[in-house]
Protein chains: 2
Amino acid sequence: MNIGEIAKRAGVSRSTVSYALSGKRSVSEETRRKIQRVIDELGYRPNASARALANGRTSTIGLVFPPAGNHYTGMQLDFIGSVVEAAAAFDYDVLLSPSGVDSDRSFQRLLGERRVDGAILMEIRLEDDRAAHLAELDFPAVAIGRTAHPERGWWVGLDHTALTAACVHHLADLGHRRIAFVNRPEQLLRTGYESAHRGLDGFTKAAAERGLTVRTYCCGDDAASGQACLARILHDDPATTALVTLNEAALGGLYRGLAQAGRHVPRDFSVTGVVAGRWAETVTPQLTAADVPAEELGRLAVDLLVERLDHPDAPPRHHLLTPPISLRASTGPCTAS
Amino acid sequence: MNIGEIAKRAGVSRSTVSYALSGKRSVSEETRRKIQRVIDELGYRPNASARALANGRTSTIGLVFPPAGNHYTGMQLDFIGSVVEAAAAFDYDVLLSPSGVDSDRSFQRLLGERRVDGAILMEIRLEDDRAAHLAELDFPAVAIGRTAHPERGWWVGLDHTALTAACVHHLADLGHRRIAFVNRPEQLLRTGYESAHRGLDGFTKAAAERGLTVRTYCCGDDAASGQACLARILHDDPATTALVTLNEAALGGLYRGLAQAGRHVPRDFSVTGVVAGRWAETVTPQLTAADVPAEELGRLAVDLLVERLDHPDAPPRHHLLTPPISLRASTGPCTAS
DNA sequence: TTGAAAGCGATACCAA
DNA sequence: TTGGTATCGCTTTCAA
């Protein structure tokens with residue numbers, strides 16, 4: 001059933017039905033009611049493909065995120081959920097594209113075949129070929145995270161530099177002098193993953209500023225890796241009394257490693273980092289951390305994208321968030337001699 | 001740039017370009033190369049909306065999952081990821097629809113506007129209006145989970161009845177006599193959420209069979225609720241020595257409650273349940289559990305849906321999985337007097 | 001082996 | 001306030 005059918009049954013032209021639906025032209029109250037009755041009767045809904053073809057808009061946004069070579073993190077889940085819901089509020093649907101790089105088939109489809117009106121890019125890298133490609137095409141996109149050239153683009157992100165620095169200062173204030181940094185997997189760092197880089201940066205600089213002794217580690221995105229990593233930390237420097245981590249998925253493993261080594265948190269060892277709130281609360285003791293506001297990030301990203309779609313030549317906008325550290329139960333004064 | 005442009009530059013007709021692309025009609029090697037050269041030069045890709053309009057297929061499947069009234073679980077994350085990747089392997093894109101019930105706008109759009117060729121339904125209820133509606137329309141869909149009338153449909157699911165029963169038998173074999181069941185939130189149970197019902201069922205029957213003393217609880221999908229629930233369990237019956245849970249998100253809280261009550265796992269108290277493997281490994285001690293094979297479920301669901309799309313009147317198929325219990329470290333012999 | 005042209009189902013311009 | 005019709009970009013039938 002199509003718009004012609006409706007028109008016929010309502011005894012009007014197809015254009016009138018179209019206008020009655022879109023409201024882009026006034027339609028007499030009487031014909032509008034006539035049309036609406038037929039529509040309700042038949043349960044008619046305009047075909048999305050036809051509409052997209054005719055007016056060039058798909059009412060769909062693409063959410064581009066890398067395939068789980070290893071694992072997705074809980075934060076990503078929260079983020080995806082909030083994007084989908086925020087988009088739904090604007091009557092946009094969300095098309096998922098598991099693409100880590102420009103050349104992924106799915107990414108090519110998204111853009112080349114014009115499947116979406118705009119895109120949100122997750123897991124941004126400092127030099128991101130997806131973002132570069134999009135910018136070159138002037139394709140409406142919002143990145144989650146900042147590339148190395150943030151001024152030119154639309155994005156929402158976390159100030160990882162400030163966040164890890166805040167963690168360091170928190171620990172230093174508690175008297176810790178020898179601390180470790182547990183980063184995301186090495187492969188992500190190597191490929192220029194933004195949060196891994198900026199997080200490491202903030203950690204390193206703040207530690208230098210406070211004159212701390214540090215060691216930094218990369219760690220796989222799973223509990224087993226976390227456990228192994230913790231073992232290495234204590235092996236490399238048994239006098240370590242605290243750590244900062246960006247690696248949410250490894251957190252449970254880090255805790256386990258600590259327990260295994262007989263270090264009590266927070267009495268003998270403090271743990272902190274950058275983790276989504278609800279995941280920080282699943283470990284015991286609950287993690288003192290900068291809570292990643294995944295929902296807010298998702299919402300803001302959608303807001304920005306919708307704005308950009310509505311105003312094609314609005315100047316670039318962005319949001320840099322720096323959530324405060326939530327004091328929970330995993331850090332305490334350094335008790336080492 | 002469109003197919004006409006390509007045709008003009010290659011000096012052929014639009015239909016020839018179309019056929020060269022689809023291979024549905026033979027094209028001389030020479031013209032094919034000529035066309036391909038132009039396509040490569042211009043980076044042409046056929047417009048998805050136009051193609052969908054013309055041939056009635058969107059090459060998109062819908063993934064319908066309820067909005068996170070409270071929270072998404074890790075298992076859902078793994079599942080979404082595997083669906084997206086499995087679909088990508090068939091060159092299908094995935095459209096997310098945050099719909100819990102038939103009447104959700106996004107669900108209506110999906111179907112009514114023909115945005116997708118088929119759908120995968122998550123979080124199925126025993127009486128599921130979404131599934132019913134889809135079946136009535138004979139719309140290609142695959143459910144994750146069984147409704148009360150599983151024989152009529154296409155689905156992949158877990159045998160929650162058998163799974164929780166296996167957990168009970170495991171505990172009974174270890175000598176536990178007083179055990180608790182920690183279910184998903186009451187609201188989900190009330191609305192007929194399949195796994196909550198069948199899981200409860202399997203638990204109850206197996207416990208009766210073994211002559212155990214049981215109590216069953218509903219619990220919110222978060223750590224705080226888990227902790228509170230555990231407190232209630234021990235308050236209601238301090239002699240409880242084990243629990244079975246379906247509630248992954250509450251797991252960390254259950255553990256914390258146990259620690260707080262001074263019960264050591266697994267010496268004083270055994271914990272088991274149905275949880276995705278990688279989440280079972282984040283807690284300490286690692287959870288002995290029936291590992292939800294989320295990736296496999298996602299892959300199978302896509303396989304089934306693609307099969308159904310390719311063979312519109314193939315008879316219904318389904319997969320009922322019963323993963324074994326993975327012995328880890330959270331259960332042990334009952335040491336109660 | 002190829003081309004011409006009729007759809008697919010909307011939108012929106014031009015007339016009336 | 002309405003109708004007629006060209007148009008969006010592709011697929012596919014019918015002819016040559």
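This report describes a predicted model of protein chains and DNA, from the DNA surface to local backbone features.

## Basis of the values

The model is predicted, and local features need pLDDT of at least 70, side-chain atom pairs count only at pLDDT 80 or more, and totals for chains, interfaces and linings use all residues. Residues are numbered from 1 along each chain as its sequence is written, chains are lettered from A and ligands numbered from 1 in the order in which they are written, and side-chain values use heavy atoms, with hydrogens and water left out.

## Surface near DNA strand C

A residue is near a strand if one of its heavy atoms lies within 4 Å of it. There are 29 residues around DNA strand C, and those that come nearest are Ile3(A), Ser18(A), Thr16(B), Arg25(B) and Ser26(B). By class, the surface has eleven nonpolar, twelve polar and six charged residues. Here Ala, Val, Leu, Ile, Met, Phe, Trp, Tyr, Cys and Pro count as nonpolar, Asp, Glu, Lys and Arg as charged, and the others, Gly among them, as polar.

A polar backbone atom of Ser28(B) lies 2.9 Å from a phosphate oxygen of DNA strand C. Ala50(A) places a backbone N or O atom 3.4 Å from a base nitrogen of DNA strand C. The elements that give two or more residues to this surface are α2 (14–22) and α4 (48–55) of chain A, together with α2 (14–22) and α4 (48–55) of chain B. Helices (H or I, at least four residues) and strands (E, at least two) are DSSP runs, numbered from the N terminus. The largest share, five residues, comes from α4(A).

## Residues 1–55 of chain A

An unreviewed UniProt entry annotates residues 1–55 of chain A as "domain: HTH lacI-type". Such annotations may be inferred rather than shown by experiment; their positions are given in the numbering used here, and feature names are shortened. In the model this span is 71% helix and 0% strand, and its end C-alpha atoms lie 20 Å apart.

## Strand β5 of chain A

Strands pair if DSSP finds at least two bridges between them. Strand β5(A) (residues 155–158) pairs in the parallel sense with β4(A) (residues 141–144) over two bridges, and Ala143(A) stands opposite Trp155(A). Four bridges join β5(A) to β11(A) (residues 318–321), also parallel. Leu321(A) is the bridge partner of Leu158(A).

In a regular strand the side chains alternate between the two faces of the sheet. In β5(A), Trp155(A) and Gly157(A) point one way, Val156(A) and Leu158(A) the other way, and all are buried. Buried means under 20% relative accessible area, exposed over 50%, and partly exposed in between (1.4 Å probe, protein chains only).

## Sheet and helix in chain B

An open sheet of six strands in chain B has the order β7-β6-β8-β9-β10-β12, with mixed pairing. β7(B) (213–218) and β12(B) (325–326) each have a single partner strand, so one side of each is left without a neighbour in the sheet. Two bridges join β10(B) (residues 288–292) to β12(B) in the antiparallel sense, with Ala289(B) opposite Ser326(B). Ser270(B) lies in β9(B) (residues 270–276). Ser270(B) counts as buried because its relative accessibility is 0%, and its side chain makes a polar contact of 3.2 Å with the side chain of His176(B).

Helix α8(B) (residues 160–173) has 14 residues. Its buried residues include His160(B), Leu163(B), Cys167(B) and Leu171(B). Just after α8(B), Gly175(B) takes a positive phi of about 95°.

## Backbone exceptions

Most residues other than glycine have a negative phi, and most peptide bonds are trans. The bond from Thr284(A) to Pro285(A) is cis, with omega near -5°, and Pro285(A) is found in the loop between α13 (277–280) and β10 (288–292) of chain A. In chain B, the bond from Thr284(B) to Pro285(B) is cis, with omega near 0°.

Ser59(B) has a positive phi of about 55° although it is not a glycine. Ser59(B) lies in the loop between α4 and β1 (60–64) of chain B and is partly exposed, with a relative accessible area of 27%. Arg114(B), not a glycine either, has a positive phi of about 55°. Arg114(B) sits in the loop between α6 (105–112) and β3 (118–121) of chain B and counts as partly exposed at 46% relative accessibility.

How values were computed: A polar contact is a pair of N or O atoms within 3.5 Å; within protein, one must be able to donate a hydrogen and the other to accept it, and residues adjacent in sequence count only if both atoms are side-chain atoms. The expected span of a helix is 1.5 Å times one less than its number of residues.
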